[in-house]
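Q: Can we go through this one together? I have a few quick things to ask.

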Amino acid sequence: MTKYPKLSVEEVQLYERDVTLRMPFKFGVTTLRECPQVFARVRIRLPNGREGWGLSAEMLAPKWFDKNLALSNEDNFDQLRHSLWTATSLYRNASPTTAFGLFQSNYNEQIQLCGERGDNSLVACYGPAILDRAILDGLCRLKNVSFYSAVQGNLPGITSDEFDMDRFLAGLRPTGSIHARHTVGMLDPIRENPQPVADGLPETLSEVIATYGHNYFKIKVCGDLSEDIVRLVEIADLLDERDDEYIVSLDGNEQYGDVRGVSALLDGIEGNPRLKRFNQSILFLEQPISRSVALEVDVSTLSTRKPVILDESDGSLAAFPRGRELGYSGVSSKTCKGLYKSILNRGRCAHWGQGFFMSAEDLTTQAGLSVQQDLALVNLLGITHVERNGHHYVNGLAGVPKAEQVAFRIAHPDLYHEAGGVTRLTIKEGLIAIGSLNSVGFAYGAEPDFTVMRELVCG
């Protein structure tokens, strides 16, 4: 297998399919009820003339990339569509280079072009994040290797002047399963749901635990101290009924303006006797401070109490090193931010040594391409638990053609099951079995039905 093969992007096809949530998902400044999912088909060519297609998918999530309340959800969708079309134009016009070289050589111009219309770097990086996965998928299929083998052997040609990238990649070891860290949104019922969905899936946190057997939880906080403490006590009372150990992360979603507000939250937790076990179970705090100031203030005093990680502030390749200087202990992996950014930041953690880590977070990734490629990435990076919420807020592949549902279920029998006529993600004893992702290509053995989708149009 030729190391670091060059390629060119010959064609990009972009589609959308609507996703309706079964339950409202409140996080940060928004409550998500419906959202388009984007799909990419990319045709690449190798120097010898061989061509192949690769696929990827991701939600066009509003109010995460840009939380400006003056923008509507449709405005946010169009920002991300523009990012995709910008990346498509740059990649299509680029000279043949490696898969990583394509990302690297267009990185600055992508951010500049999106910035000219007022879009931040997190928005700008969305387009390449989608295309890079599809391109690597196509390369894997042309070379007849799995995503795991491709990255371990550095088929994309990933480089870094900070550490020995080839050595780092060669040492990665994926496993056959991963813990699902369940998201508790700010509207999620804990013991009783006053507005039942009644679709056969668990609705309350109590039902979720009984059904899936989670030991890992991600809990959203809103920034209002009294409201947060009351809700955390309600959640802790339920979790404390378990004999088994549980582990939680707290996600601030930028709801705090400064270190003092986050310190008050930790004080409130530490000072409440009903939160004693809960406090001992907190693994880290995720992006509590607004991105407008997060990389300008020192969080070392917080990190001595609980590790603090970057999520929304991880808008550029330079963000994590800057965060390290300010006392941040870690950074999130999200496929919507880019697989190469995740790989680079995970390598930095390994290079920097003890005390630095990467978490795996979710952007309501959907059953099929999206969740599978995300699972494969974080698994290869050695992360043992990943936030999963798409299966909770969305009823699996409901609304998707039956043939597509069956195809994914047959190709990945460890990952999906059929219930109520719908193909759904399988979680048992808190674990997701993912052995079937280790096959030729980027973590999928079935394809979505593009004939029922609409073409993505840039507004």
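Q: What does Gly-445 touch, leaving out residues up to four places away in sequence?
A: Ala-411 and His-412. Bear in mind that this is a predicted model.

Q: Is Gly-445 buried or exposed?
A: Exposed: its relative accessible area is 56%, and the cut-off for exposed is over 50%.

Q: Where does Gly-445 sit?
A: In the loop between strand E14 (431-433) and strand E15 (454-455).

Q: Switching to the core. How many residues are in the largest nonpolar one?
A: 134 residues. Those with the most contacts inside it are Leu-131, Ile-135, Phe-278 and Ile-343.

Q: Which helix gives the most to it?
A: Helix H3, residues 121-143, with 12 residues.

Q: What does Ile-135 touch, again skipping residues up to four places away?
A: Leu-7, Val-9, Val-42, Ile-44, Tyr-91, Ala-99 and Leu-102.

Q: How do H2 and H3 run relative to each other?
A: Their axes come within 9 Å and cross at roughly 160 degrees. The cut-off is over 145, so H2 and H3 are roughly antiparallel. The crossing is right-handed.

Q: Which residues meet there?
A: From H2, Ala-99, Leu-102, Phe-103, Tyr-107, Gln-110, Ile-111 and Cys-114; from H3, Ser-121, Ala-124, Cys-125, Pro-128, Asp-132, Ile-135 and Leu-139. By class, that contact has 11 nonpolar, two polar and one charged residues.

Terms used:
Residues are numbered from 1 along each chain as its sequence is written. This is a predicted model: local features need pLDDT of at least 70, side-chain atom pairs count only at pLDDT 80 or more; totals for chains, interfaces and linings use all residues. Side-chain values use heavy atoms; hydrogens and water are left out. A nonpolar core is a set of buried Ala, Val, Leu, Ile, Met, Phe, Trp, Tyr and Cys residues joined through side-chain atoms within 4.5 Å. Buried means under 20% relative accessible area, exposed over 50%, partly exposed in between (1.4 Å probe, protein chains only). Helices (H or I, at least four residues) and strands (E, at least two) are DSSP runs, numbered from the N terminus. Contact means heavy atoms within 4.5 Å. Axes are lines fitted to C-alpha atoms, for helices over the stretch in contact, and angles run from 0 to 180 degrees between N-to-C directions. Angles under 35 degrees count as roughly parallel, over 145 as roughly antiparallel, 65 to 115 as roughly perpendicular and the rest as oblique. A crossing is left-handed if the near helix is turned anticlockwise from the far one by less than a right angle, and right-handed if clockwise. Ala, Val, Leu, Ile, Met, Phe, Trp, Tyr, Cys and Pro count as nonpolar, Asp, Glu, Lys and Arg as charged, and the others, Gly among them, as polar.
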